[in-house]
Amino acid sequence: MAAKPLISVSNLHFSYGENTILEDINVEIVEHDFIALIGPNGSGKTTLVKVLLGLLQPTSGEIFLSIPKEKIGYVPQRYTIDKTFPGTVEEILITKEGEAIKQTGIKDLLKKKFISLSGGQQQRVLIALALQGSPKLLILDEPTAGVDVQAQQAFYALLKQLNKKGITIILVTHEVGVLSSLVKKVLCINHRICCMGHPQDMPKLLKQMYGQHFIHHHEHNHPEHHPKDSTHKGGHHHD
Amino acid sequence: MIEALSYGFLQYGFMQKALLGGIAIALCCGLVGPFLVLRRLSLLGDGLAHLAFGGVALGLLLGVNPIIAALITVVLGSFWVRSLVKKNIYGDAAIALLLSLGVGLGVVIIGIVRGFNTNLYSYLIGSILALSITDIIIAFSLLMGVIIFLLFFYRDMFHLTFNEELAQLSRKNIPLANFLFTILIAMVVVVSIRAVGILLVSALLVIPTLVALNISKSFKQTLLISSISSIVAVIFGIIFSFIVDIPPSGSIVLLLFVGFFGTQMYKKLA
């Protein structure tokens, strides 16, 4: 049986005045997906996320949600939190008990100020907050930016575990090196959808989006990745 | 201070009224201040106070109660700032617009009608020692409004301060909380003008929060310390002004500065 679509986006356009940020976006996100949303800086990744969340209104096009908006959990970039914010972790969370706190391992952090935590700990608090709303879809905007490698690994393991439990995940990221072992699909955008494919096809997908220079760099760092021929081009495609 | 007590300052009706009204105003500012400062709206109080200057002048010109004229002007002004920000004008630029409009309007009216400069001066530097019973009733009514608002919308305001986008997604009452908070801030600014004057209102809104942020260990503590430091500054500022015969608004603000530098030192040493 085909997986149930959670979000269907058709002919989506978004612009700030005359500045077109998103153009002709057509994509479908289905149940249990784990999608990495990648693209260069300023390519419209965060704008797409905000349009999907309903924080920004599209200039034209349609978005169909098959789940209530409350069932979408959002983890914003942690840099959006004010550095002087005096709230403690337990003040931020909806409850001090529950599965979300166990899953994210933040029980010992409850009494601490959010701003006193490390980058990795802050991300775990933000994800716990999102999980307390029992989401069916979790959208994370560059969650590992500025987080050390060890904390990143633990964070990715947590995401994988959540996806196994049935939560659909959209991960906006620049960390393309880890995607092949983490996500199920990669969606590349640069104002419009450049390509969508399997993470194993990363080198080819990156080549399409960033050009030859980036691909050499990527292959140098990840020699195990070899391009296959199943890359889709110029639109949205699914298996 | 003992000397002041021996003066028996509380036997004076104007001192009793100043302290009562001052405490209510201080508590209002101490409770709403953190939500302004942490949302990077510290200068909104200043902008609205300067707009109130235009409103007061307009009221005096039209023969309407200047405080009511200021209140209407300031409420309209605060919604105008919000709409400008939504249209992608920077918040600080929108506040600068508001501030200039208020001062410009006031100066033009003073130019047209000469004669109420003395009245206007009392609004500029405040006249807490001249509070009437009506002023005190208004201040306590506003304090009740602030407390009721926080009882109902504390979580919404907390999340708005933490992350506005997350709040919009997870909490249904955000538009209503934002709307009521805008009106409340306008009212707090106008009522505070009676105590510390247009020029120093933002000090009463901002400095107690900065004092609290230096030493608080949680958000609730920030609200508590901000309120306490605001009340302490107002009480001792009034008493100090009585002893050395200086304008109370100035001594209140200077005491707040002492509190700020004191807590800064404590923070560095701790």
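I began with handedness: a crossing is left-handed if the near helix is turned anticlockwise from the far one by less than a right angle, and right-handed if clockwise. I noted that the model is predicted, that local features need pLDDT of at least 70 and side-chain atom pairs pLDDT 80 or more, and that totals for chains, interfaces and linings use all residues. Residues are numbered from 1 along each chain as its sequence is written, chains are lettered from A and ligands numbered from 1 in the order in which they are written, and side-chain values use heavy atoms, without hydrogens and water.

**Chain B, H2 and H10**

I looked up the crossing of H2(B) and H10(B), and it is right-handed. Helices here are DSSP runs (H or I, at least four residues), as are strands (E, at least two), numbered from the N terminus. H2(B) covers residues 13-37 and H10(B) residues 201-215; their axes lie 7 Å apart at an angle of about 70 degrees. Axes are lines fitted to C-alpha atoms, for helices over the stretch in contact, with angles from 0 to 180 degrees between N-to-C directions. The two helices are therefore roughly perpendicular (65 to 115 degrees; under 35 is roughly parallel, over 145 roughly antiparallel, the rest oblique).

I then listed the contact (heavy atoms within 4.5 Å). H2(B) contributes residues including Ile25(B), Cys29(B) and Val32(B), and H10(B) residues including Leu204(B), Leu205(B) and Thr209(B). By class I found eleven nonpolar, two polar and no charged residues. Ala, Val, Leu, Ile, Met, Phe, Trp, Tyr, Cys and Pro count as nonpolar, Asp, Glu, Lys and Arg as charged, and the others, Gly among them, as polar.

**Chain B, H9 and H10**

H9(B) spans residues 174-196, and its axis comes within 8 Å of that of H10(B), crossing at roughly 105 degrees. That makes this pair roughly perpendicular. Val188(B), Val189(B), Ser192(B), Ile193(B) and Val196(B) meet Val201(B), Leu204(B) and Leu205(B). I count seven nonpolar, one polar and no charged.

**Chain A, sheet**

I found an open antiparallel sheet of three strands, ordered E2-E1-E4. Strands pair if DSSP finds at least two bridges between them. E2 (19-30) and E4 (60-65) of chain A are at the edges with a single partner strand each, so one side of each has no neighbour in the sheet. Eight bridges join E1(A) (residues 5-16) to E2(A). Leu12(A) stands opposite Ile25(A).

**Interface**

I checked chain B against chain A: 21 residues of chain B touch 22 of chain A. Together they bury about 1800 Å², 63% of it on carbon and sulfur atoms. Buried area is the accessible area (1.4 Å probe) lost on putting two parts together, summed over both. Phe162(B), Glu165(B) and Leu169(B) supply 35% of chain B's share, more than any other three residues.
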